[in-house]
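Biologist: I'm new to this one, so could you walk me through it slowly? I'll ask as we go.
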Amino acid sequence: MLRPLLDWCRHYDRATLAQDLGAALIVTLMLIPQSLAYALLAGLPPEVGLYASILPLVAYGFFGSSRTLSVGPVAVLSLMTASILGQLQLEGVHYLNGALALALMSGGWLLLFGLLRLGFVAHFISHPVMSGFISASALLITLSQLGPLLGVRLESHQLMALATLLTQRDAITLATLAISTASLLTLFWARYRLQAMLLRLGVSKLLSTSLVRLSPALLVVAGILLSWALDLEALGVALVGEVPAGLPAWSWPRWSALPWQALILPSLLLALVGFVESVSVGQTLAARRRQRISANQELIGLGVSNIAAGLSGGMPVTGGFARSVVNFDAGAQTPAAGIYTAVGIGLAGLLFAPWLSVLPKAVLAATIVVAVLGLLDLGQFRRTWCYSRTDFAALALTFLVTLAVNVELGLLAGIAVSLLLHLYHSYKPHWAEVGLIAGTEHFRNRLRHRVELDKSLLCLRVDESLYFANAGQLEDIVATLVSVRPELRHLVLQCSAVNRIDASALDSLLMINARLQLAGIGFHLAEVKGPVMDRLQQSTLLDSLNGEVFLTMYQAWNGLTTQPEYVI
């Protein structure tokens, strides 16, 4: 499990140390406001976000396979945590216990999957489903921050919060609104305008990029100074409140006081979402340096990181896109950069915690809104609609259910409809009657190409693996084609697209063979793949086959055709 650590430690030198330390400094400054903001988004005390950015980073440094992934609280998992614990109506210390339990349980799922080498589970959430889920989550997160931005209290993360907001419009404070507006404008300006202005002034691209990345941290410093100088709390501005100075202590949830059985499925969904997001980011960054990551090792790394978060007073964590990109661009070479970042976060918690207590919540809310709006990909809806209506159905259903009901049900609905649509398509496999293209050895669909056919020979290609769901369909297809061809003497099943034949499909092939034999029609196979043939040789099909097995369709054509004719 420690192989990634041994790989990068073996070649660690001073130059790598300098690059990792420089990246760690930048990521630390970026991660402090992010950690506070995502903890508040999850409904947790702000220090929980800091705690979740210390030991998890160290744990990932030892067990993770990505050289540049930065682990910590992220927006989507924070929203899911708030939604899950809110539905269980946990409050106070029980709410914090619930967050610890979610981190431990999701970490346990990830670690179990990693030890069982189940990295392929990431593929059970399709890209359209994940895109719809993240876009809906981005809108919900933005909605949840309207309360802090306007200085009112919203009890829900769903669309019904808008109705609550309308009833509290008289509670909006002008000071909070002014700070929110200024923070949002500053962050949007920094994201879209600052770098171009700095480049025109002659600032290097590296420095200008770093300043843009650090704009949330600089805004936090400005917010603290402004709050201290103007006593914003006296003007009705909500502040972060007391942030205990110190390092995280050993923690363990009180399981007896928690409905932990109700957390089993939500913690699994948390684990899956975190894993998919992290692997996607890790693979993208690794490809840019021609490196690779191991999905199974990532399961172990993220699992141990979440367990470390749960044992140190933290919350569920995963690899974050924004901070990982910053870590990459800043020159991080190994996971040691994450360990140095953890040290920096720990020092910040020890030295600067009292200063964070006077930070306006509106500033943190603005940083969240600007960060998550980048996750909203409305263009994906148009692209998916143009390419695949069924994938669009999965995307739209996930988006709507997540937005209207809750994030867990939205994700489950998306996964379920994706699997059902896959089963539906494979249940009705695409098939084609193929013929020979004159002057070649290639066979193509008679409806798309001008080909040679023979009335006594039917060449049938099925473009799907054969299994229990579609085996009956193959029987129906063959029966239908044979019934309208009285001159038919041979049927060749082209298996070039068949990667697997299960026991149910094998029985169907035996049934087709028996029926064709009774009708005086030879049943032949062609272009059977090696692994499929290995399985068929363990069955009785080849012994009972009333025809032959041909290596290619062209061999079958030459051996069986009598009077070919051209068709268009």
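Modeller: Let me begin with a definition that we will need: rings of Phe, Tyr and Trp, the last taken by its six-membered ring, pair if their centres lie within 6.5 Å, and planes over 60 degrees apart count as edge-to-face. Please keep in mind that this is a predicted model.

Biologist: How many aromatic pairs does the count come to by this rule?
Modeller: The count comes to eight aromatic pairs by this rule. One of them is formed by Trp 8 and Tyr 12, which are edge-to-face with 5.8 Å from centre to centre and 65 degrees between the planes.

Biologist: And is Trp 8 buried or exposed?
Modeller: Trp 8 is buried, because its relative accessible area is 7% and buried means under 20%.

Biologist: Which charged end sits over the ring of Trp 385?
Modeller: That is the charged end of Arg 389, which sits 3.9 Å from the centre of the Trp 385 ring. Elsewhere, Arg 289 lies over the face of Phe 328, at 4.2 Å from the ring centre.

Biologist: Where do Trp 385 and Arg 389 belong in terms of helices?
Modeller: Trp 385 is in H19 and Arg 389 is in H20, and both take part in the contact between these helices. On the H19 side the contact has Gln 380, Phe 381, Thr 384, Trp 385, Cys 386 and Tyr 387, and on the H20 side it has Arg 389, Asp 391, Phe 392, Leu 395 and Phe 399. By class, that contact is made up of seven nonpolar, two polar and two charged residues.

Biologist: At what angle do H19 and H20 pack?
Modeller: Helix H19 (residues 379-387) and helix H20 (residues 389-404) pack at an angle of about 145 degrees, and their axes are 6 Å apart. The crossing of H19 and H20 is left-handed.

Biologist: Okay, another helix pair: how do H10 and H18 cross?
Modeller: Helix H10 (residues 174-200) and helix H18 (residues 361-373) cross at roughly 40 degrees, with axes that come within 9 Å, and this crossing is right-handed. The residues that meet include Ile 179, Leu 184 and Arg 191 in H10, and Val 363, Ala 366 and Leu 373 in H18. By class, the contact of H10 with H18 has eleven nonpolar, four polar and one charged residues.

Biologist: Changing topic, which residues of H15 are buried?
Modeller: In helix H15 (residues 321-329), the buried residues are Arg 323, Ser 324, Val 325, Val 326, Asn 327 and Phe 328.

Biologist: What covers them?
Modeller: The cover over the buried residues of H15 includes helix H2 (14-41), strand S1 (71-72), helix H11 (205-213), H13, strand S2 (318-319) and helix H16 (336-351). Just after H15 comes Gly 331, which takes a positive phi of about 105 degrees.

Biologist: To finish, what does the chain come to overall?
Modeller: The secondary structure of the chain comes to 26 helices and ten strands, and its C-alpha atoms fill a box of roughly 95 × 60 × 60 Å along the principal axes. Buried residues make up 54% of the 568 residues. Among contacts between residues at least 6 apart in sequence, 81% join residues at least 24 apart.

Note on methods:
Residues numbered from 1 in each chain as written. Predicted model: local features only at pLDDT ≥ 70, side-chain atom pairs only at ≥ 80, totals over all residues. Heavy atoms only, no water. Axes fitted to C-alpha atoms, helices over the stretch in contact; angles between N-to-C directions. Helix = DSSP H or I, 4+ residues; strand = E, 2+ residues; numbered from the N terminus. Left-handed = near helix turned anticlockwise from the far one by under 90°. Contact = heavy atoms within 4.5 Å. Nonpolar A, V, L, I, M, F, W, Y, C, P; charged D, E, K, R; others polar. Phe/Tyr/Trp six-rings, centres within 6.5 Å; stacked < 30°, edge-to-face > 60°. Buried < 20%, exposed > 50% of the residue type's maximum accessible area, 1.4 Å probe, protein only. Lys NZ or Arg CZ within 6 Å of the ring centre and 35° of its normal.
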